[in-house]
Amino acid sequence: MHELILLRHAEAQPAPTGGDDHSRRLSGRGEQEAKAAGKWLASHGVKPDRVLCSPSERTRATAALALSAYSYVPVTEFADDIYDATPGELLALLDQHGDAGTVVLVGHNPGIERLVALLVEGRSDEFRGMPPAALAVLHLDGALEPGNARLDAFWSP
């Protein structure tokens, strides 16, 4: 893997009282944010080989809408490990996909923002936040290890 794109899910509707967090759907604004994220990626020449996505409704919808900007469909895998994951757990998952050149991981905060900090700064407590539908484009300088990535771009709607 030489490029990693971390995409936080777009704006979601609040969970109904007593409702399941996994089933939260995107808001109308969130749908537009996800499409805009995909257009940004496509217009900047990002060509994902593989997409790793949390199985929650809002991340699945974010991935589908973002990928609609492409004329091809990259391999998409849904991984329960992404939901509520620590940076270490996300790194372990990403290690299993080192054969792909460009990977997009669609997930949740605080795991996504802390993973950006860990890969770029070497510390997961130095995160700066990622709003809904924000994405970070990381270039990996060799192994997938803390402090071994360069932040090439950050975008948010």
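Predicted model: local features only at pLDDT ≥ 70, side-chain atom pairs only at ≥ 80, totals over all residues.
Visitor: Which residue forms a salt bridge with Arg29?

Guide: A salt bridge puts a side-chain nitrogen of Lys or Arg within 4 Å of a carboxyl oxygen of Asp or Glu. In the bridge of Arg29, the closest N and O atoms are 3.1 Å apart. The partner is Glu33.

Visitor: In which helix do Glu33 and Arg29 both lie?

Guide: Helices (H or I, at least four residues) and strands (E, at least two) are DSSP runs, numbered from the N terminus. Glu33 and Arg29 are 4 residues apart, about one turn of the helix. Both lie in α1.

Visitor: How many salt bridges does the structure hold?

Guide: One of them joins Glu33 and Arg29. Another joins Asp21 and Arg24 at 3.1 Å, N to O. The structure's total is 5.

Visitor: Which residues are linked with Asp21 in a network of salt bridges?

Guide: Asp21 is partly exposed, with a relative accessible area of 27%. The side chains of Arg58 and Asp21 meet at 3.0 Å, N to O. Asp21 also meets the side chain of Arg24. The network links Asp21 with Arg24 and Arg58.

Visitor: How many residues apart are Arg58 and Asp21?

Guide: Their side chains meet in a salt bridge. That pair links distant parts of the chain, with Arg58 in helix α2 (residues 57-67) and Asp21 in the loop between β1 and α1 (28-43). Arg58 counts as buried, at 3% relative accessibility. The separation of Arg58 and Asp21, in residues, is 37.

Visitor: Which strand is largely enclosed by the rest of the structure?

Guide: Look at residues 135-140. Of these 6 residues, 5 are buried, so the strand is largely enclosed. It is β5.

Visitor: Which strands pair with β5 in the antiparallel sense?

Guide: Two strands pair if DSSP finds at least two bridges between them. One partner, residues 3-8, pairs over 5 bridges, and Leu6 stands opposite Ala136 in β5. The other, residues 149-155, is joined by 6 bridges, and Leu140 stands opposite Ala149 there. The partners are β1 and β6.

Visitor: Which residue is joined to Asn109 by a cis peptide bond?

Guide: Omega of this bond is about 5°. The residue lies in the loop between β4 (102-107) and α4 (111-121). It is Pro110.

Visitor: What is the phi of Asp84 near?

Guide: Asp84 lies in the loop between β3 and α3. It counts as exposed, at 65% relative accessibility. Its phi is positive, in a residue other than glycine. The value is near 60°.

Visitor: Is Ala133 buried or exposed?

Guide: Ala133 has a positive phi of about 70°, although it is not a glycine. Its place is in the loop between α4 and β5. At 0% relative accessibility, Ala133 counts as buried.

Definitions and conventions: Residues numbered from 1 in each chain as written. Heavy atoms only, no water. Buried < 20%, exposed > 50% of the residue type's maximum accessible area, 1.4 Å probe, protein only.
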